[in-house]
Amino acid sequence: MFPVKENVMMKNGLEDVVAAETVLSDVDGEAGRLIIRGASLDDLAGSATFEDTALRLWDGFFEEPMSAATLKTALGRARAEVFAHIGAVDEAILSLPPVDALRALLARLPDGDDLRTAVRLAAATAVFLPALLRLQQNRLPIAPDATLSQAADTLRMLTGTTPSPAQIAALDAYLVTICDHGLNASTFTSRVVASTGAGLASSVLAALSALKGPLHGGAPGPVLDMLDEIGTESSAETWLRETLGRGERLMGFGHRIYKVRDPRADALKAALQRLAEEGTVTLSRVKLAEVVERVAVAILRERKPDRRLDVNVEFYTALLLDALGFPRESFTGVFALGRTVGWIAHAREQAMNGRLIRPRSVYVGPQPDQQRSLQRAV
């Protein structure tokens, strides 16, 4: 072990290090509050659409004027255009996990820093993922309908049926809820790439690569595995205590930033309950999740009284996306459908207002004189 140089401060994982100023989102972990460009998530989720959110995040970052109507039209047109890239899908791409297959197709898109590039990237994720999932299930992909909203068309291309208003609203609520969340790993990656002068496609591809890591975007699927194993409400406490007794973590609980309940969990739970009311998801499934949440939180507080571990965004994400027809192996890719607009906004903000991101490192290896001493000793 070599000593760290004196007078050099380092925080492993950049904990509490401020790396950027942003107008895009504010995550208050102590109060459990998320602000998206001046609006509370509580006010946006359940009322704002994907198009509304993209407009909110992108406003002022492009020379071209935008309105909700023009953006919806542009997204529809872009979905129709990028569908041609589905013809490039081969067996090698189909053999990949959905998020890797999505990344391979996104890499075909031209780079740039204008609004057209941004719209194309946002549209492409909504087209490519449903098409890839259908092809991996030996079903034909469905061409986009440019007249529909992004959420409605995504669900139609996934299932082949016309989604209900509640289903469209649920997907919109999800996409709005996860559109941006401070300087997380993938968003920071997007800003780093943008700071070099690379285009938006490069920033999005790099961010997507960071997102696929299991410590960032890969946990919602295992929440369903956990609920499947628990099975019934009466089994919840025994299963949870035995799992924690083995030193295993519970999926969908705890967050690095939030010291209280993740506000995104409430937004997604409300959307899930609306789906249950129309029968898209069974009430028994929702009730099981509520019981698991309540019992898990109580046990975690009992075991770790000095650290609050509450439900996070992943818990109800898993149930919501499963109810909408997305297979659990695709959840990271669906996350990218919503977060892409945030990555793009941060990339533009960094390119317009920031500078090349170049932090220092602390060398802890041997010095040349130490190396020579070691060699003489041998």
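Two strands are taken to pair if DSSP finds at least two bridges between them. On that basis, the predicted model contains an open sheet of 3 strands in the order 1-2-3, with antiparallel pairing. Strand 1 (25–28) and strand 3 (39–40) are the edge strands, and each pairs on one side only.

Strand 1 and strand 2 (residues 33–36) are joined in the antiparallel sense by 4 bridges. Within this pairing, aspartate 26 stands opposite isoleucine 35 of strand 2. Serine 25 has isoleucine 36 as its bridge partner in strand 2. The hairpin of strand 1 and strand 2 has 4 residues between the strands. In this hairpin glycine 32 adopts a positive phi near 70 degrees.

Strand 2 also pairs with strand 3, again in the antiparallel sense. Here the pairing runs over 2 bridges. Isoleucine 36 stands opposite alanine 39 in strand 3. The hairpin of strand 2 and strand 3 has 2 residues between the strands. Arginine 37 takes a positive phi near 45 degrees in this hairpin.

Side chains alternate along strand 2. Leu34 and Ile36 point to one face and are buried.

Turning to charged contacts, a search of the whole structure finds 16 salt bridges. One of them is formed by glutamate 81 and arginine 116, with the closest N and O atoms 3.7 Å apart. This pair links distant parts of the chain. Glutamate 81 belongs to helix 3 and arginine 116 to helix 6, and the two are 35 residues apart. Glutamate 81 has a relative accessible area of 39%, so it is partly exposed.

A salt bridge also joins the side chains of arginine 328 and aspartate 228, at 3.2 Å from N to O. Arginine 328 lies in the loop between helix 15 (313–323) and helix 16 (331–353), while aspartate 228 is in helix 11 (residues 220–230), so the pair ties together parts that are 100 residues apart in sequence. Arginine 328 is partly exposed, at 30% relative accessibility. Aspartate 228 is likewise partly exposed, with a relative accessible area of 41%.

Glutamate 248 and arginine 246 form a further salt bridge, their closest N and O atoms being 3.0 Å apart. Glutamate 248 is partly exposed, with a relative accessible area of 39%. Arginine 246 reaches 52%, and therefore counts as exposed, the cut-off being over 50%. Elsewhere, salt bridges that share partners join Asp225, Asp228, Arg285 and Arg328 into one network.

Glu63, Glu64, Asp111, Asp113 and Asp114 form a negative surface patch. Glutamate 64, one of these residues, lies in the loop between helix 2 (50–58) and helix 3 (68–82). Its relative accessible area is 32%, so glutamate 64 is partly exposed.

Serine 149 and glycine 32 are 117 residues apart in sequence. In space, they are 31 Å apart, C-alpha to C-alpha.

Definitions and conventions
Residues numbered from 1 in each chain as written. Predicted model: local features only at pLDDT ≥ 70, side-chain atom pairs only at ≥ 80, totals over all residues. Heavy atoms only, no water. Patch = residues over 30% accessible without salt bridge, like charges linked within 9 Å, V, L, I, M, F, W, Y side chains within 5 Å. Areas by Shrake-Rupley, 256 points an atom, 1.4 Å probe, with all protein chains shown as cover. Salt bridge = Lys/Arg side-chain N within 4 Å of Asp/Glu carboxyl O. Lys, Arg positive; Asp, Glu negative; His and termini not counted. Charge placed at Lys NZ, Arg CZ, Asp CG, Glu CD. Buried < 20%, exposed > 50% of the residue type's maximum accessible area, 1.4 Å probe, protein only.
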